[in-house]
Amino acid sequence: MFDEMTGEGAGIRAPYSEIAAWIEASGLDTLRRHTAEAEDVFRRIGITFAVYGEGGDPERLIPFDLIPRVFAADEWRRLERGIRQRALALNAFLQDIYHRGEILRAGIIPERLVYRNAAFEPAMVGVNPPGRIYSHVVGIDIVRTGEREFQVLEDNCRTPSGVSYMLENRECMMRTCPELFRGGNIEPVDVYPEELRRTLEEVAPPACDGDPVVALLTPGPFNSAYYEHSFLADLMGIELVEPQDLFVDEGLCWMRTTQGPQRVDVLYRRIDDAFIDPLSFRPDSLLGVPGLFDAYRAGGVTLCSAPGTGIADDKEVYVYVPEMIRFYLGQEPILQNVPTWRCSDDEERAWVLDRLDELVVKEVHGSGGYGMLIGPHSSAAERSEFAEKIRRDPEGFIAQPTLELSSSPSLSETGVAGRHVDFRPYCLIGRTIRLVPGGLTRVALREGSLVVNSSQGGGVKDTWVLAD
Amino acid sequence: MLSRTAESLFWMARYIERAEATARLVEMGRRMAMLPGAYGQEEWSSVVAAAGAGAAFDPGERIGEAEVCLSLILDEDNPSSIRACLDRARNNARAVRTALTAEMWEGLNDGWRWLGGVEAATIQQDLPATLDRIRSLSALFRGAAQTTMLRGERYDFLSVGAFLERADMTLRLLDVKYFVLLPETGLVLDSRDRYRWISLLQATSAVRAYHYVYRGDFSPSRIAHFMILNRDFPCSLAFCYSGLRAALNRLADRYGERHDCHATVEKAVRQLQDREMDDIFDEGLHGFLLEALRLNAQLSGELSRAYHF
């Protein structure tokens, strides 16, 4: 198993030399005290996330682990190339399937997988989003299994969340452990909001004839990511709007202000497709802005991300991302996929059912670490229950090998110990591609656990990219 | 600015102001109940009425300190309770997080978290400390707004809400207690009257300020003057309306547009300036208070029409 600090066990890896010395010099008590300080900061500023259906405290803190996760400059360069490549290919794929569908005609991706997919949005066929960009923020979940082995677990093309933790974790580290930052060797991440605003301004619609007005569209304070929405809107200096603040008139989008209506050109929407516009998507919904989708299609306002983007981060479509990179960019993928078996395929399903005790099985439409079977950690009863589910709905499941995720030193009850981590960078796509050196590292705080989701006892860490 | 933001700021300020006023009312009730003469029952009823929480109690029910305190401080189902006010203030604050400074949010959020953990037993054991903490919470919030908030339209809507609510609370307190201020019928003042007057001042944290301004005995007409016409006392109707007018005028300058609410507040301020307390007593204090409460409600409606919320 690969450890971020000690590699395969042959001493401290170079990027971690300072961290190792700091852990040693601080001692457990100091680290714990800093952790408590950090959690206090989080609670005071109200960085919480809502948990549904579990009762108890409706607003919960994500546990913060004090010990940063570190990438060396050359590691990051390689990751960066791979991330940009993937984000480009995913957007090219979206543009293609909502137009000529070349990749389907070429027989590289089965038509059924796209056209019969619930995430495919027929209303988007033939629509040309500004700059041909569909997904403006791509969050790519990456795990590491060795010194040079990075693999993509999944792509998040719609509205990936968590970037506020990237920013707040850093802020908090700089407040509680300023001594670590004295050397100036850690790449800053605080330009993210500015870069996001620029990205959004770059995709202003044709109807925009001045400085574009950008707003962040949130479902409201009861959404689990509301804190992030308000945080980002604040840092970008844009309005945080709810659907009831908006209306469409004469093909343009307006927000209700104290001085009457004001034009909105670009909406960074953090609400699902289904709730954008009751006229186009869900007539029974009371949420949404009637007419918004028509205004979008007519070039009166830009929606980021575009409706129908979800097809690109479908778990079955994921299997074909390396093919997309070859097809659209003519390049070899820099980041590898995790081998994935589709249970919809008879042969692959049989193979999966034989090896449930070794594999991780995921729901195609699941997220947040729910509805998952981790073979090696499961009981026979759980496996037979899952086998039954797979047989009943084969198209609903995929399987992957149980990866030995790398571990990273973390503060546990007994001391500093390795805990499994993953990594989500946030790639911005406007007229140019922007990538802030950093991202969100999630950590499975339970010993041996491979599930890093916050809903399943995962925590977060500051992530450093070292300068050369 | 979004109309919803203006609305949330307006209501957030109102709820914080209301929470503080309710804390002062409970403080008043507590002091009155300790005085000789045992007319606590009557005091607690007027506390409940002034807090606008009459609906939380059955008519004719004997209201005692313990029930009132619990109901007015902790009862989530009583919309006038301090907890309910802080809940709504915080919900409004969350909805406009970006419009608040970090200091304001932290002040409110800390207070809300603290009150969330307060239990009935704590209130019974240490009511004064609980009430102090509630008052310092709103003081902290106001102080944070005062020293950290940009003097822009957000601040103006916050001020409008605060002044309107404070005027409303003063009026409701007077409305419940107006009879103790009616011109003396008998020649002999009993100590009971004196305490009743003082209680009005206590409910607005104003005993010392009163002495400073009037330098003498308590008299109903002076107390009424203090609470209605005095331009320097922050809870008086005249003060609140001047504050309202100033905030609304700033908005009018900013937006280059005047609305009905501007005319209404202008007229009200001028009338308060021209009035003498004797005139008000001659016309009838109760009628005056009812009219002022109606005007407050009218103003609230005009505000939401003017600014689209």
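1. Conventions. This is a predicted model, in which local features need pLDDT of at least 70 and side-chain atom pairs count only at pLDDT 80 or more, whereas totals for chains, interfaces and linings use all residues. Residues are numbered from 1 along each chain as its sequence is written, and chains are lettered from A and ligands numbered from 1 in the order in which they are written.

2. Domains of chain A. Chain A is split into domain 1, made of 14-338 + 403-465, and domain 2, made of 339-402 (the bounds come from an automatic or database domain assignment). The C-alpha centres of these two domains of chain A are 26 Å apart. Their contact draws 13 residues from domain 1 of chain A and 13 residues from domain 2 of chain A, where two residues are in contact if their C-beta atoms, placed from the backbone, lie within 7 Å. On the side of domain 1 of chain A that touches domain 2 of chain A there are 6 nonpolar, 4 polar and 3 charged residues; here Ala, Val, Leu, Ile, Met, Phe, Trp, Tyr, Cys and Pro count as nonpolar, Asp, Glu, Lys and Arg as charged, and the others, Gly among them, as polar.

3. Domains of chain B. In chain B, domain 1 covers 1-149 and domain 2 covers 151-309, and their centres, taken over C-alpha atoms, are separated by 20 Å. Contact between them involves 28 residues of domain 1 of chain B and 26 residues of domain 2 of chain B. Within the side of domain 1 of chain B that touches domain 2 of chain B, α1(B) gives the most, with 18 residues (helices, H or I, of at least four residues, and strands, E, of at least two, are DSSP runs numbered from the N terminus). That side of domain 1 of chain B comprises 16 nonpolar, 4 polar and 8 charged residues.

4. Contact between the chains. Chain B puts 19 residues into this contact and chain A puts in 17 residues. On the side of chain B that touches chain A, at least two residues each come from α1 (3-34), α4 (82-95) and α5 (102-117) of chain B, and α5(B) has the largest share, 5 residues. By class, this side of chain B holds 8 nonpolar, 5 polar and 6 charged residues.

5. Helices α1(B) and α7(B). Helix α7 (residues 127-148) of chain B packs with α1(B) at an angle of about 150 degrees, the axes being 9 Å apart; axes are lines fitted to C-alpha atoms, for helices over the stretch in contact, and angles run from 0 to 180 degrees between N-to-C directions. The two helices α1(B) and α7(B) are therefore roughly antiparallel, a term used for angles over 145 degrees. Residues making the contact include B:I16, B:A19 and B:A23 of α1(B) and B:L131, B:I134 and B:F141 of α7(B). In the contact of α1(B) with α7(B), 8 residues are nonpolar, 1 is polar and 4 are charged.

6. Two further helix pairs in chain B. Helix α8 (residues 153-181) and helix α11 (residues 220-228) of chain B cross at roughly 170 degrees, with axes that come within 12 Å, and α8(B) and α11(B) are therefore roughly antiparallel to each other. Their contact has 6 nonpolar residues, 1 polar and no charged. Helix α13 (residues 260-274) and helix α15 (residues 285-306) of chain B pack at about 150 degrees with axes 8 Å apart, and α13(B) and α15(B) are therefore roughly antiparallel too. The contact of α13(B) with α15(B) divides into 7 nonpolar, 2 polar and 2 charged residues.

7. A sheet in chain A. An open sheet of 4 strands runs in the order β7-β6-β11-β12 (chain A), with parallel pairing (two strands pair if DSSP finds at least two bridges between them). Strands β7 (239-241) and β12 (302-304) of chain A stand at the edges with a single partner strand each, so one side of each has no neighbour in the sheet. Strand β11 (residues 266-269) of chain A pairs with β12(A) over 3 bridges in the parallel sense, and A:V266 has A:T302 in β12(A) as its bridge partner. Helix α7 (residues 226-236) of chain A packs on the sheet, where it touches β6 (214-217) and β7 of chain A, and its direction makes about 150 degrees with that of β7(A).

Technical notes. Angles under 35 degrees count as roughly parallel, over 145 as roughly antiparallel, 65 to 115 as roughly perpendicular and the rest as oblique.
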